[in-house]
Amino acid sequence: MPKDVAVIGVGQSTFFRNYEGSIRELAFEAFREAIKDAGITPADIDASLICSAPEYDKQRSPSGLMAEYLGLNPQPTFAIETVCSSSTTGIRVGYSLIKSGLHDIVLVLGFQKMSEISSADSQERMGRGADIMWESPFGTMMPAYYAMHARAHFERYGSTEKDLALIRVKAAKYGQLNDKAVYRKGLELDQVLSAEPVATPLKRFDCCANADGSSCIILASAERAKEICKKPVWILGLGAATASLTMTGRESLDGLSSARLAAKQAYEMAGVGPADIDVAEVHDCFTIAELMAYENLGFAEPGKGVELIRNGETYLEGKIPVNVDGGLLSKGHPIGATGGSQVRTIVLQLRDEAGAIQVPNAEIGLVHNIGGVGIYGNVIIFGR
Amino acid sequence: MGFEKFGRVSFTAQTKVGAFIENLEKGDLTATKCSQCGRIYFPPRADCPWCPDSTMEWFKIEGTGKLVSFTRVHYGPTGFEDDVPYTLALADFDGVKVFGRLSKDLEEGQIKVGMDLKAVTAFLPGGQISYELVPA
């Protein structure tokens, strides 16, 4: 089990519907928490990786702006982008910069101010998230793609809209405990099932909300981590894979092949298996995404993911607690910041600092962060 | 040229596979086939990364396909607001998968995964052209 790179500081802004400040100020909210958490100064940081989906930014090349505003000149900085999984791709790049010996301490900043542009502009950009030559012309959008995955899962395995609704009810339960979440109301099963359709079979509460937010993760080499940090959390395994952007290039729709492959790589590198994971954060941009994650990560056999949610096994008291911080469904989904927020939750769990949502004696945690509809899949395993 | 006619909102006018539109105008939905390795590509592409080569032939997608999955969309992205609801679908034509819209004439209750479909050319307002999937 490699212990070469550790997380020594984590931070996250509150996630907002509309943040009343600029992107630099939004970034600072997560940065301040992470720097204080690590107990270092900007001068200790050797490089910064700035993760966001640039189509929402008015500022051209925000990395330069962020490095200046956060006191990170003259160290190198550059942008990392894999849409919704940008900040875990940042973790992967940060890991390799440290493991190579090039840098000792690397800061991974994720941010997105989705309200920076108008809602119509934002919708237009989302339409362009599909293949703009061959699929966008039909009027595609993210919920529609995940809806087609949901329908395929239902057909093959007999999962139902009610199973998806159970996932949202769980997310809403834990969202109420997370003071950084956008959506902090409880939801009953009937409310979720009777909501208006967005793209059938997905309805309003099967979908996460857009949000403004930032996250910040500070990584260090083993030597520096041991000097600086009382409770380093180690990166034990990393996996990353891709799949076709077009639906036509996918072998099947009842799971995400990039997630499956990334999980396999991460488990092999860490030398652990699904049964060893004590707590997980998965990319539940839609309820179906969490259900597919159960299976793609090996928490359940293909088609058996529904049993986990039906039996409450992914609740705090269950066999494998998943998204007990409310997930994207409750927290909201500020594209570039999302992966870092997931990492923060797992790091707090492994330090025994997760408060009301603490999983007792959590030793190994997993993050599953997906870009697009599984175009990019990142899985990272952490240990204390 | 010609590709600006594709779909209701066309984001790309320039491509080397613009003859796809001419084929559609004749009623043919076409893929490309690599003349070296024989791989069939839908959506059509000008280049095969495996050979790597750019000598492609047009390949007509014929017969009936099976519906793999679908969704009825109730909120459209910019430019599609007035179209809703519409149904997006993926069909499998003997190993060649086709993404598109299902016929507006189908009620959601009539749509079943596995049903037989065929692709037909759709002539749209304003001189635009596309294809749609209809019951076979």
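Okay, let's start with strand E7 of chain A, residues 212-221, which is mostly covered: ten of its ten residues are buried. Buried here means 20 or more other C-beta atoms within 10 Å of a residue's own, with exposed at 12 or fewer, partly exposed in between, and C-beta atoms placed from the backbone. Strands, by the way, are DSSP E runs of at least two residues, helices are H or I runs of at least four, and both are numbered from the N terminus.

Quick housekeeping. This is a predicted model, where local features need pLDDT of at least 70 and side-chain atom pairs count only at pLDDT 80 or more, while totals for chains, interfaces and linings use all residues. Residues are numbered from 1 along each chain as its sequence is written, and chains are lettered from A and ligands numbered from 1 in the order in which they are written.

Back to E7(A). A:Asp212, A:Ser214, A:Cys216, A:Ile218 and A:Ala220 point one way, A:Gly213, A:Ser215, A:Ile217, A:Leu219 and A:Ser221 point the other way, and all are buried. In a regular strand, side chains alternate between the two faces of the sheet.

Which strands pair with E7(A)? Strand E1 of chain A, residues 5-12, runs antiparallel to E7(A) with seven bridges, and there A:Gly9 has A:Ile218 as its bridge partner. Strand E4 of chain A, residues 105-113, is also antiparallel to E7(A), over nine bridges, with A:Val108 partnered by A:Ile217. Pairing requires at least two DSSP bridges between the strands.

Now the helices. H1(A), residues 23-38, and H2(A), residues 62-69, have axes that come within 10 Å and cross at roughly 55 degrees. Axes are lines fitted to C-alpha atoms, for helices over the stretch in contact, and angles run from 0 to 180 degrees between N-to-C directions. So H1(A) and H2(A) are oblique to each other; under 35 degrees counts as roughly parallel, over 145 as roughly antiparallel, 65 to 115 as roughly perpendicular, and the rest as oblique. On H1(A), A:Ile23, A:Arg24, A:Ala27 and A:Phe28 meet A:Pro62, A:Leu65, A:Met66 and A:Tyr69 of H2(A). Contact means C-beta atoms, placed from the backbone, within 7 Å.

Last, the interface: 30 residues come from chain A and 34 residues from chain B. On the chain A side, H4 (119-127), H5 (142-157) and strand E5 (197-199) each supply at least two residues, and H5(A) gives the most, with six.

Note on methods:
Contact = placed C-beta atoms within 7 Å.
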